[in-house]
Amino acid sequence: MTVTDPTTTLPTTTDLQAWVEQVAALTEPEAVVWCDGSEAERQRLTAVAVRTGTLTPLDPSLHYGSHLARSSEDDVARVEDRTYICSPTPAGAGPTNHWREPVAMRAELAGCFAGSMRGRVMYVVPFAMGPVGGPLSRLGVELTDSPYVVLSMRITTRIGAGPELLIAGGAPWVRAVHSVGAPLLEGEQDVPWPSNPVKHIAHFPDSREVWSYGSGYGGNALLGKKAFALRLASVMGRDEGWLAEHMLLIRLTSPAGRRYHLAAAFPSACGKTNLAMMRPSLPGWSVETLGDDIAWMRPGPDGRLWAINPEAGLFGVAPGTGEATNPNAMGALWGNTIYTNVALTDDGDVWWEGRTGRPPEHATDWRGQDWTPADGAAGRPAAHPNARFTVPMHQVPSAAADWDDPAGVPLDAIIVGGRRAGVVPLVAQARDWAHGVFMGATVASEQTAAAEGAEVGRLRRDPFAMLPFCGYDMGEHWAHWLAVGEALGDGAPAFFAVNWFRKDDGGDYLWPGFGENARVLAWVAARLDGLVGAVDTPAGLVPAPGALDTTGLDLPDGALEQLLSVDPAAYAAEADLTEEFFATFGPTLPAAMTQQLAELRTRAGGPPRPAS
Ligand code: GTP
Ligand code: SPV
Ligand code: MN
């Protein structure tokens, strides 16, 4: 690799061959293989991964064409502290990102990657994010020494000949280099999950490049996902007038047949996949899945905000996913699935906490060790809390027939949310776009196992659920949201905030969640149509008494009141925390956000008022 300053010129075709050769010269793989995305190729790579023990075939009568992978114990989630934004100056990354000086970082990476693919094959994986050739779609090429990564990218993105043809035709593309950082010496036996204790996930936003070293897991390694579709794409969106967000995408249809398109941002492992596949408990309502993790959104010529899901498959959280909580996810898992870090039962089935009510009497846990329910009771779960399934979108029973329409869907509402045991009501509508952006900017959420080293349960600020995923200064991100809203004007979607996770004094969830969340979506739809009332509170416009349909719902006395209650004193305290957080931004903090904070303080000082 040459150590040069990043350039703003995107590579095109002619550069692809040269770049592949350049990376191969640096990493010294045994062979270079160009992937075409074919079924024959899938079978070849699967055979390789089975031979090295990376993948274990599951009983085909239970799980057609499916495999189990067990990662090494130190490679189980995204490594946020080793994920860098290498903009020319620290200001480019902003106070919420880990910045690395690009020239020094390139030099360090050159050291790591030198010879890092020895004894392995380097796969060249051309891929599209979004339908190949679509107006909102973008292209990339990932070079990787991991067959597991190729097989996963084959599910979560569109790989192979189509994207390669477009690149050959001169379309711009993103460069993504990945190595597990475990060269194989002559005659050395490979391990099932090669990785390196040294890990770097380095993004160069200016040259639209990512270099990932040392990890084979999830967002660290499937570079189309968080690295490209969020960190680099957020920068591309800022520069080109669109948005790349950590959002699910659904179509909600009312009993009367009215259709609403909604995008919702929740932090990692906070319910996007669940809401994206929800089976509404309310009769006559339906939810169709368009996306479960990422949405790209662009103002259309009609003045509305159009959204696509740039992915082609899911990398979904396994624990907590079962027939009772997410039957559509379970339905998707009939075959062609890669399970990572789940448990294996003695009869060749997979298992994880929450898959069924009753754990198996005995299983092999995610580490490959004997497991019984007694281990579970002792705090050793059978599946890793961040265990995942990788499955094609078209297998999701609730997938919309047009889920991969290149044009996308026009959004009616944007929802933000987090995991909050207290303070934040079940649902609130923003008074206007700027208030909605403020709701997004002030999302805080209890941490989950999706990031390595997370203090699970501890509250942290996670604006727009993008804390680990925004490729530039978060203050600028809010300014960009404000600018997009301004351009959209009356065509802009409405903004809402939700919280499924409020708890009572005994620590139990107040809201049943899952399919019952349809009641909240029905209220959102009714608000869009101006059909139901709301009460103006410091949190925003919350359902007026009786406005939320709770027919047939068996809530304990006082639960609904508590779910919808907004304590001004608690919001005054939130305002203090927000002020502290905002102060870390300096000049990039939009004046509109300071104004919203001042407004919150005023509202938190007074009683609730009726609103339209
Ligand atoms: P990433 O893929 O990490 O971005 O996460 P995600 O937001 O798609 O997470 P997912 O939908 O898989 O949520 C994972 C966890 O949230 C599981 O433990 C679920 O059981 C839990 N969950 C989802 N929806 C609800 C809900 O409505 N109520 C409650 N109490 N828990 C929920
Ligand atoms: C997340 O952590 O938000 C995920 C999983 O969706 S990963 O792809 O590993 O980032
Ligand atoms: Mn995610």
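## Reading sites in a predicted model

Visitor: Which helix holds Asn274?

Guide: Asn274 sits in helix α9, residues 272–276. Keep in mind that this is a predicted model.

Visitor: Why does Asn274 count as partly exposed?

Guide: Accessibility is read against cut-offs: buried is under 20%, exposed is over 50%, and partly exposed is in between. Asn274 has 22% relative accessibility, so it counts as partly exposed.

Visitor: What does Asn274 touch beyond its sequence neighbours?

Guide: Set aside residues up to four places away in sequence. Asn274 then touches Thr325, Asn326 and Phe514. Now look from the other side. Phe514 is in the loop between β30 (494–498) and α14 (518–528). At a relative accessible area of 36%, Phe514 is partly exposed.

Visitor: Which residues does the UniProt annotation "binding site" cover along with Asn274 and Phe514?

Guide: Treat an annotation as a record, then check it on the model. The unreviewed UniProt entry has a "binding site" annotation on Ala269, Cys270, Gly271, Lys272, Thr273, Asn274, Arg388, Arg419, Phe514, Gly515, Glu516 and Asn517. These residues spread over 249 residues of sequence, and in space they reach up to 24.3 Å between C-alpha atoms. From this set, Cys270 is in the lining of the second largest cavity.

Visitor: Where does UniProt place the other "binding site" feature, the one with Arg78?

Guide: The unreviewed entry puts that feature at Arg78, Tyr217, Gly218, Gly219, Ser268, Asn386, Ala387 and Arg388. Of these, Arg78 and Ser268 are included in the lining of the second largest cavity.

Visitor: Is Ala387 buried or exposed?

Guide: Ala387 has a relative accessible area of 0%, so it is buried. Ala387 lies in the loop between α11 (373–377) and β24. Leaving aside neighbours within four places in sequence, its contacts are Tyr217, Gly316, Val317, Ala318, Pro319, Thr340, Asn341 and Val342.

Visitor: And Arg388: buried or exposed?

Guide: Arg388 is buried, at 11% relative accessibility. Arg388 is in strand β24. Beyond four places in sequence, Arg388 touches Tyr217, Phe315, Gly316, Val317, Ala318, Ile338, Tyr339, Thr340 and Ala450.

Visitor: Which residues are closest to the centre of the largest pocket?

Guide: Start with the volume, then the lining. The largest pocket has about 980 Å³. It is lined by 47 residues, and the closest to its centre are Ala269, Cys270, Val317, Pro319 and Arg419. α7 (218–221), α8 (224–240), α9, β18 (313–317) and β24 (388–392) each give at least two lining residues. The largest share, four residues, is from α9.

Visitor: Which protein atoms are donors of the manganese ion (ligand 3)?

Guide: List donors first. They are Lys226 (NZ), His246 (NE2) and Asp293 (OD), lying 2.1 to 2.2 Å from the manganese ion (ligand 3). Their spacing along the chain is K-x19-H-x46-D. His246 is in the loop between β12 (243–245) and β13 (247–253), and Asp293 is in the loop between β15 (286–291) and β16 (295–299), so the pair ties together parts 47 residues apart in sequence. Both His246 and Asp293 are buried.

Visitor: Why is the arrangement around the manganese ion (ligand 3) octahedral?

Guide: Check the angles. Ideal angles for six octahedral donors are 90 or 180 degrees. Here the six donor atoms around the manganese ion (ligand 3) subtend angles of 75 to 172 degrees, which makes the arrangement octahedral.

How values were computed: Residues are numbered from 1 along each chain as its sequence is written. Chains are lettered from A and ligands numbered from 1 in the order in which they are written. This is a predicted model: local features need pLDDT of at least 70, side-chain atom pairs count only at pLDDT 80 or more; totals for chains, interfaces and linings use all residues. Side-chain values use heavy atoms; hydrogens and water are left out. UniProt positions are given in the numbering used here, feature names are shortened, and annotations may be inferred rather than shown by experiment. On a 1 Å grid over the protein atoms alone, a cavity is a set of points where a 1.4 Å probe fits but cannot get out, and a pocket is an open set with protein on both sides within 12 Å along at least five of seven lines; lining residues have an atom within 4 Å of a point. Buried means under 20% relative accessible area, exposed over 50%, partly exposed in between (1.4 Å probe, protein chains only). Contact means heavy atoms within 4.5 Å. Donors are N, O and S atoms within 2.8 Å of the metal (3.2 Å for Na, K and Ca); water is not among the atoms, so sites may look incomplete. Four donors count as tetrahedral if all angles lie between 85 and 135 degrees; four count as square planar and six as octahedral if opposite donors are over 155 degrees apart and all others between 65 and 115; anything else is irregular. Grid points are joined across faces, edges and corners, and a volume is the space filled by probe spheres set on the points.
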